[in-house]
Protein chains: 2
Amino acid sequence: MNGEFIDISEARIPILDWGFLRSDATYDVVHVWKGQFFRLDEHIDRFFESTKRLRMPCSIERDELKKILAGCVKHSGLKDAYVEMIQTRGVSKNFQRDPRKANPRFMAFAVPFGWILNPNNFEKGLDVIVSRIRRIPPGSIDSRIKNYHWLDLVSGMYEAYDSNSDSVILVDEKNNISEGPGFNIFCVDESGLNTPNKGVLEGVTRQTVLDLAEEIKLPVNLRSVSINMLNDSKEVFATSTAGGIMPITKINNKLVGDGTPGPVTRQIHKSYWELHINSKWTQSVIELI
Amino acid sequence: MNGEFIDISEARIPILDWGFLRSDATYDVVHVWKGQFFRLDEHIDRFFESTKRLRMPCSIERDELKKILAGCVKHSGLKDAYVEMIQTRGVSKNFQRDPRKANPRFMAFAVPFGWILNPNNFEKGLDVIVSRIRRIPPGSIDSRIKNYHWLDLVSGMYEAYDSNSDSVILVDEKNNISEGPGFNIFCVDESGLNTPNKGVLEGVTRQTVLDLAEEIKLPVNLRSVSINMLNDSKEVFATSTAGGIMPITKINNKLVGDGTPGPVTRQIHKSYWELHINSKWTQSVIELI
């Protein structure tokens, strides 16, 4: 923050920052596994793109940004980390309401790698509900901009907890499946993989699954996914930087297939983690400093 | 903050607070005019209601909250102020993603009274555009919860600036008028006042206009307001705690009526400010401390 590495317990932003008072901010999260960033350039691409779409293009060059992120990881001492870069609109002078008068603020931090599904629970999988809450539509906010507008997702999480479930999938304006809190959804049927093509964050882990599917010649349909289609799927899994490939084994209290991770999910999961030791997809933290 | 009055330049929140990283927060803003809070209890009612809907009911009692807000104003030395109370989800221990594990955080601040339309420019009025951006719909986020999900509004502000306009009105899912950045919309035709009834914040200033209209027996229609209806209106005005009653004299580069504030707008504006010296509607800052 402000050009210095500090302990995260001391990292604070002014309450007048529009990034707080209007959630006028964008971010991205890349993970580090065994000292290696995974698909760092794709995360940086998306971050730069998001800042441009918000009319506050990031002024930090790519190589400098990589150094900052690597510095956060180094100072944290973590081998497996969740590394977040953030840009907010900043503070306007004299309490002006005009966002053009504000100075954008950049910050980044590294925290321990977080799992939406703890790997010890891989066989058990995630138990989710489908909520009637509609994910904020792209006609309101461009879903390509990674953003902190999460109240719909948080309300959905409380609904899930009320049903003793782990998490939630929201629907879109047409009542088709959209995404969950921090994850994209894939389902498997005889045609191959299916995943929503609109109104969802274009996740880097989602893209990795698309890339892996192409490699193993598994057909992928980017399409509307109805609730019925989800319910009839043989396998369902979630994808996220926060945990990778995570089987969903129960939806609305009904088992998916036989209630255990299916063969496609297992294969994608295995291939995903194999990419983490492939230098085409990774960059060493130490070498970036 | 944290039970102390501090200078606003020192008021900061931890970057790990979900109020920042998920915009998982609610707030309310009350104004002080010549040392008097205006409709303070209504703002507190809404704030309490918002915190309940977010499943983090405010633990501060009403009288204590009033003391805190009055204390902020007193310490600021301001006679006319914009006083904001905020509750965030807070920070979860050990970086857990579960919002139930977080400790809600309360804070409040007073800054100089802000105007969406400077009163010196009352005769000129606001020049706005109607954007195609859709305000985040109530099916995604309950619009009764005052929230910081403003990226749709901020994008609209940039569109307005691109057209050399002052501000923007967003539409709803059916392409009817919704609201602008921090203000509700009223328009006047032969039937009386019209204002959208769905998917908009139920503003306290909006409610004040409804109350004033009842007093002067001016009919009000809470209804869908189409863009055509807006364009054909004799008068249009915006309502906000940040400025009160503000004439809109130009929409999409076309004059509203003859391009000056109309008689209904003038009357409501006058009555609104007269309420500020009426003890039924106000509470003295000093007496609350």
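**Contacts between domains and between chains**

In this predicted model, 20 residues of domain 1 of chain A are in contact with 13 residues of domain 2 of chain A, two residues being in contact if their C-beta atoms, placed from the backbone, lie within 7 Å. Strand 2 (25–33), strand 3 (36–38) and helix 2 (40–53) of chain A each supply at least two residues of the domain 1 side; helices (H or I, at least four residues) and strands (E, at least two) are DSSP runs, numbered from the N terminus. Strand 2 of chain A gives the most to this side, with 8 residues. Domain 1 spans 8–112 and domain 2 spans 119–276, with bounds taken from an automatic or database domain assignment. Their C-alpha centres are 26 Å apart.

Between the chains, 42 residues of chain A are in contact with 42 residues of chain B. On the chain A side, at least two residues each come from strand 1 (12–14), helix 1 (18–21), strand 5 (102–112), strand 6 (126–134) and helix 4 (151–162). Helix 4 of chain A contributes the most, with 6 residues.

Strand 1 of chain A and strand 1 (residues 12–14) of chain B run antiparallel and are joined by 3 bridges; strands pair if DSSP finds at least two bridges between them. Within this pairing, A:Arg12 stands opposite B:Pro14.

Residues are numbered from 1 along each chain as its sequence is written, and chains are lettered from A and ligands numbered from 1 in the order in which they are written. As the model is predicted, local features need pLDDT of at least 70 and side-chain atom pairs count only at pLDDT 80 or more, while totals for chains, interfaces and linings use all residues.
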